Every structure is written in C-alpha cells, then in structure tokens.
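These are my notebook entries on one protein chain. I wrote down what I looked up, one topic at a time.

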Amino acid sequence: MSTIHDLLQKMTLKEKISITSGFDTWRLKGFQTLGIPKITVCDGPHGLRHQEEGQDHLGINESNPSTCFPPACLSAASFDEELLFEMGQAIGFEALCQNVQVVLGPGVNIKRNPLCGRNFEYFSEDPVLAGKMAAGWIKGVQSMGVGTSLKHFALNSQELNRMKSDSIADEKAKFDIYLKAFEIPLKTAEPMTVMGSYNLVDGIYASENKWLMEEVLRNKYGFQGLLMTDWGAMNDKISSMKAGLDLEMPGSLGYFDEEVEEAIKDGRLPEVFLDTAVRRILQLITTVTEEREKALKSLGPVAKSSVDIEKHHSLAKKTAMESMILLKNDRKTLPVSENMDRTIYLVGALSKYPRYQGAGSSHINPYKVTSLLESLEKESLKMQYFEGYSLESDEIPDETEELLQTLKKEDVVIIAAGLPDSYESEGFDRKHMRLPENQNVLIRSIAAKSDHVVVVLFGGSPVEMPWLDDVSSLLHAYLPGQAGGEAVADLLLGRHNPSGKLPETYPVRYEDHITSPYYGKDPYLAPYLEGIYVGYRYFDKANRRVQFPFGYGLSYTTFSFSRLSINRSSFDFKKDKAVEVRFYVKNTGDMTGKEVCQLYLSRKGGPSYKVEKALKGFSKVKLEPGEEKEIVMELQEEAFKEFDLNLKKEVLYGGEYILYVGSSSQDLPLRASFEIESSVLDTFKAPAFYTDVKGVPEPEQFEMLIGRKLPVKELTRPFTVNHTLEEMKDVPQMKYLIRKLEGVLRKASGVSSDNDDAYRVMHAMFMQTPIKRLSLVAPDKMPKHLGETLVHVANGRYLRGLQSALKRKAPMGHP
C-alpha cells in the first residue's frame, strides 16, 4: 500500500467523502484501484459476532459460530486484569481466524442505575474497576494484531430514547466518574478506535460534540486513533467532521455525501477537516493490515477451523468460575458433597434453558452451550429435576406441588432463578428491579420446607431478594457465557472455590437507589442529579443499608488482613514518585482460595462535595490453607487528583488522607493516614444536598451545582426526520402506517409473537430511532425518500408525501 500521504493526494474529493462512511453493515470501504483494502469490524465484547450473510447490527440474524465468554457484568466480578487479557487474546485470535480487523468493544459506560437495559454489557459502577478490566481486555485483543473500539463515548447510561436523550452532568461527575472509565484504558491500553454514543451531552449530540471529542478525548487524553459513530448515530456530518469525528457507520448509501461536497465547495467545511478524517481512516486500515500480517507471520496461516473450540470453551468456563460470586452460605450448605446419600432437588427452568448472554448487538452464536441441568446429570448424584416456574408467564407448574409435599428439612434444594430474556436488553430499560413473581413465590415456598435451599441467580443486573433471609446459600452467576452450566456445577460441588466480588452495589429495594425517583422519567432529558454519588459512593455518604455492598463476595475458606504500612507519612509529588502501600493477607481456612484485596482512598476535611471513599486499586491473590503473602500496591499522583469546580480543572488537594484495605467497600479492617503537601484547597461551596446527601437531589440544587438552568425539552411540531415513530404514533394517519411497518418488522425478525425477545429489541429501536437514523442504519429498507414521505404524512402534507414517495434519487455511491 502507498504511504498515507500519497494515497490522500491521489484520491478525488468524491472518493475522500465516500470513504468516511461504511461500505455496508460491517465493512469499511476500500478502493481497489488505489490499493486500499476493505476491512471488517464486528461486535462483540464477550465473543465474536461476525456476519457474512444477512447483516444486521441488532443480533437478529445468525452470525458465524464463536466462543461465548461471560459478558462484562460477570467478567468484571473476577477483579482480574490478567484473566481479561487472556479472554481478550482468545477473542482476538478468533477475529484473526475470521478475517475481522476490529472488534467493537469493550463498553465502559458506568452502571448509574440498576434498570439500564444494557448493564449486562458494562463492567461496573466504579470507573477504576471498569477502566482496568477494559484495559486488560483491549491489550489481549490487540496482542493478536486485531483492533478494538472503546465505547460508548460518553455519558450513555440509559437505553430509553437513547438517540434523543440529553445527558447533563456536572464537570466533577464527568471527570471523576464517567470519563475516568475511558481515561484509564485510553492511556494504558491505547485502543485503536473509539466509538461515540447515541445521546446528546449538554445539548449537543456526542457525535458532533467538539468539547467531548477534541478537548477531552484527543487533547486531554491524548487519543490519536480513529473515532467512529455508533451504528446510525450520525446526526449532522458537517458538524461532526468539524468536531473531530472520522467515520460514519454503517454504510448509508451516501446519505450525507452530497451536502458534505457542497459544504466543502462553498467553504462551510474547510477540506482540511475531511483530509484529517480520511488520514485517520487510512491509518487504521494500514495499521490493522500490517498488524494482521505480523500476527500471521508468527502464527502461520489461520482459518475458521484453526480455533481450538474446546480450549476456548475451557477458558470461558475458567472465566465464569473465577468471576461468580458467593453471596451467602449459612449452615455451610455449600459446597454440596458429591457423596451425598440423599436426593438433591434441582428446580428452575433456567437450569434447563440457560440464560448465558444478553440480547441486542452483542448477541452471538456460540459453538455450544452447557446448562446446569446437563452438567449435574453427568455427575454421580441422586438428583431430581423440576421445572418449577414458566419463563413465558407467571405460572407455576402443577408438579411443583408434588415437590413441596416431598421435601424435608434436611433436603438440599438448588433453585436456578433469574431474569428472563424479555426483562433486559439493549434498546429498552427494565421496568422494575424485581424477579418474576412466580420465582419469588416458588423460592419462599421451598424455603419454608427445607433448611438447605441454594439459589443460583442468573441475570445481567441487580434484583430485589425478598426471600434472602429464608434461603441458606446464594451463588450469583450473572450471565455466565456458554460454559456457565459446568462452571456453576463445579462451584456447587466444591471443585473450585468462588472468588468473585460484586462489581456493583445491590440495594435492598429499587426505591433505595438515589436515582430511582427520576431515572428514565423524562424521554428527552437525563439530568445526572446525583452528581458524583454513584453506586457505593452514594450509599456510603448517605449511610444507607444495602443488600450487598460493592466488592463483596464470600469464599469456602476465610482470609485475614494485617500489618498495613505506607512508605512515609507525608508526600510531596514534586519529589515523591508514589505512595507505596504494603500489607499482608492470609488464608485462615482449610481450603485453597483466592481473595481480592481492595484499596480505597478517603480525603478528610470539612463538609464538601466529595465522596467518603473510592476504590483506587485491587489485587487478586491465590493462597493455600495457612499461607500468608505480602501485597504491595503503588498509587501515583494521578490517583489522588479530583476535578475542582472552582478552578475548572483536575487538581491535587493538600491535607490528610486515609487509605483503607479489605475485602469489600464495607469490610475494611486496615487503615493508615498520611498527609499530601499541596497549596490547593477544596473551597467549592456546593448546594446543601451535595455536601450532606440527605433526601433526594432537587433540580434547583443541581442547577446551582452546574451553574445554569436545565433546558425544557418537549415534543415539537411540525415533525421532521429528526423525530421518531414513537413521537408520531398518536397522529391518526400514522397509526395505520405504523401497524403496517410493524408487520414488516415481524417478518424481518422471523417471529410470530410481539413478546419474542428479538422482536422486542427491534421494535424498541425502531420506534425510538429518529427517521433520519433509520435511513442510515437500513438505507435499503428505509431509503431517504421514504423517510421524508413518512414525515410529510405525519404532518398531514399528503401531496408532498406523494412527491417524496415518487422520488428515487440515486445516491452518490461508492466510486
């Protein structure tokens, strides 16, 4: 391939414009005459979703088989960067074998609220954990010569109306929480690309937000790679190019090409912006092409058949076992003895029909899937299985009564419970934090009969547990990937010791969550009224009881912490390199196990807008019974910096700090205090809620915090291509058209019921996506002229609608 400079000089204006949008759903454009190859990108964060036929970005059509590893909701619970590297490396190798150049992931958006429908695809409520897990994964994938795409940049923490919602947060919350999760992997793992988010940030679409993309991403965080849209996220391509965006995905049949060309010719868009975008696209194509050649030179020729399916299945199992969390184990019910004489009862449809991944764009086609039922049936156990509940309705099968009549106090009952597919997905948020009621009834009924009830919980996000006091043991499997059944079986039988820790706080009830009164209530406005008080940061500051704290997880053995020390009592980072923290952890039980040692930092001082403590580091260590190890962690100056709302920048505050060490955010037996020398003091006077965290944050106090009024956003008329079908659905003449379009949608997704999970995902996205974006995502099914026709009909302009319907203007196309 010629040099990038030479290629840029050879390309015509039309060619340069054309290459800034995709060729189709998954490929970037290539130009054979110029020697520029097409490259392929594909989802996903927990396994490859590579489609060669029937392309879509919603997880509807079949993709090539690949290994389904545990999604981020579970893998984050491993607190193990090396394990995430190993998983990323396997995904990178499979990408190499399928000739995929960029894997779209990982997602580091913060879990701001338990109901976000895409929480299963994100790591944590904590930016340090999310950032470090992402960094490990990125390094693993890219070690195989395959690029990654860190997403979704930024402040995208809800699925409701995600294409039009406006995320508004104070700058301290942005930099200390939401952007920090991106900063860590950007600086330590250097992903080749970053993917923007659908939403607006402070009233400007993320894909054209100059402050977000140029000032923060490129200037502050030093990102030099390619910045692409999420699929169909382009709003105004001219504004996006000026703001620093490079690539529009997917291919949109030249939707914006003509207006970009006109803007360049009349001077509204200086050609230098186009050239910069093309240069970065060519750089990505060059880099991934060269990296692939290096990898193949080292590994030799590869094909789809080169993947060692069983080896990768074993890694998926290992990842699941290292990540699952033992949340309760009274009466030592677990582990279950393999030599138990009496019958074990396995109950729950989810043990037979496993839920092992989420729905939406990351949904992949696994090589194989193992259920808990089939995994336990392979063991020499006396076992009876009962379905227990329906996944399709609130019914409890009649056979359950037979089980209840049979049970005795000493019987061991394993109940597989959790969220069905229909409860959480990309495209829509959950309606509540409860399990299906038939499952709650079943668990309570069985717990009234037996003293040894083990609940294995499946699902991508927190649930309320009204039966928790009634059961003896609780193992959280989240969404465990294709080998989840085997992993759960080995943990239940004690062949592997649980070592996962919760990557998010579990409230007792949804109403206990700070965001519950206002999250998802306004389809257009998403004000982050809670500020920096996200997850455990809120529950700590407000001193509210939780079901399970962040970082919590039990083991079949026990551990103790002792002898915390730091290298000095006062630090001046003009002279001192780092705070060196040393302590000892010991296995005080009788079984080999792993403990996640967690380090938290607290800044002392008077009332101010600050958290009680924040995670700054962690280390997972394996210990034999009676073994003790010294753990050493270092905190650089960067770990102590916070954003100052007076000075409008990140600063190092002087004063007293306390380090805490322990096994969860609420179990921290070790502490040490020290001073940091700095002339900068925290003098910001925050509104009352943000210093005492009492009650519910009010919009008026939030407006004082951000220094401006919240915008008032309402449905506007007349309709334009920036409106959604959801906004048009009550217009009489649109009801019939939408019904017809829904029929087409059903046919496209190959379903017969509106309750089908694939259809629900498609329908939510279809109704909540602006008409213009539908034309970008599916230009063959919703061409530009058809979208304009729908808008004219919605406005009652039938003649104009007819004129648009008859218009068949050909796109500029791909030269």
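**Entry 1: Val 596**

I looked up Val 596 and found it in strand β21, residues 593-603. Helices (H or I, at least four residues) and strands (E, at least two) are DSSP runs, numbered from the N terminus. The model is predicted, so local features need pLDDT of at least 70 and side-chain atom pairs count only at pLDDT 80 or more, while totals for chains, interfaces and linings use all residues. Residues are numbered from 1 along each chain as its sequence is written, and side-chain values use heavy atoms, with hydrogens and water left out.

Is Val 596 buried or exposed? Val 596 counts as buried because its relative accessibility is 0%. The cut-offs are under 20% relative accessible area for buried, over 50% for exposed and partly exposed in between, with a 1.4 Å probe and protein chains only.

I then listed what Val 596 touches, leaving out residues up to four places away in sequence: Ser 78, Phe 79, Ser 499, Lys 501, Phe 618, Ser 619, Lys 620, Gly 662 and Ser 663. Contact means heavy atoms within 4.5 Å. I also checked Pro 527, which is 69 residues from Val 596 along the chain; their C-alpha atoms are separated by 34 Å.

**Entry 2: Asn 722**

I found Asn 722 in the loop between α19 (699-706) and α20 (725-728). Its relative accessible area is 29%, so Asn 722 is partly exposed. Asn 722 and Val 791 are 69 residues apart along the chain, and their C-alpha atoms are separated by 9.4 Å. With residues up to four places away in sequence not counted, Asn 722 touches Lys 164, Asn 235, Glu 727, Pro 770 and Lys 772.

**Entry 3: two helix pairs**

Two packed helices are described by the angle between their axes and the distance between the axes. Axes are lines fitted to C-alpha atoms, for helices over the stretch in contact, and angles run from 0 to 180 degrees between N-to-C directions.

I took helix α4 (residues 81-97) and helix α12 (residues 309-323) and noted that their axes come within 11 Å and cross at roughly 150°. The pair α4 and α12 is therefore roughly antiparallel. Angles under 35 degrees count as roughly parallel, over 145 as roughly antiparallel, 65 to 115 as roughly perpendicular and the rest as oblique.

Which residues of α4 and α12 meet? From α4 I noted Leu 83, Glu 86, Met 87, Ala 90, Phe 93 and Glu 94, and from α12 His 312, Leu 315, Lys 318, Thr 319 and Glu 322. Sorted by class, this contact of α4 with α12 holds five nonpolar, two polar and four charged residues. Ala, Val, Leu, Ile, Met, Phe, Trp, Tyr, Cys and Pro count as nonpolar, Asp, Glu, Lys and Arg as charged, and the others, Gly among them, as polar.

My other pair was helix α21 (residues 732-749) and helix α24 (residues 784-794), whose axes are 9 Å apart and pack at an angle of about 150°. Helices α21 and α24 are therefore also roughly antiparallel to each other. Gln 733, Met 734, Leu 737 and Leu 741 in α21 meet Leu 790, Val 793 and Ala 794 in α24.

**Entry 4: backbone angles**

Most residues other than glycine have a negative phi, and most peptide bonds are trans. I looked for exceptions.

A cis peptide bond joins Gly 105 and Pro 106, with omega about 5°. Pro 106 is in the loop between β3 (102-103) and α5 (127-142). The bond from Leu 334 to Pro 335 is cis as well, with omega near 0°. I placed Pro 335 in the loop between β10 (325-329) and β11 (344-347).

Glu 190 has a positive phi, near 50°, and lies in the loop between α7 (180-188) and β6 (193-196). Glu 190 counts as exposed because its relative accessibility is 57%. Phi of Val 693 is also near 50°, but Val 693 counts as buried, at 4% relative accessibility.

**Entry 5: Tyr 556**

I ended with Tyr 556, in the loop between α17 (536-542) and β18 (559-566). At 10% relative accessibility, Tyr 556 counts as buried.
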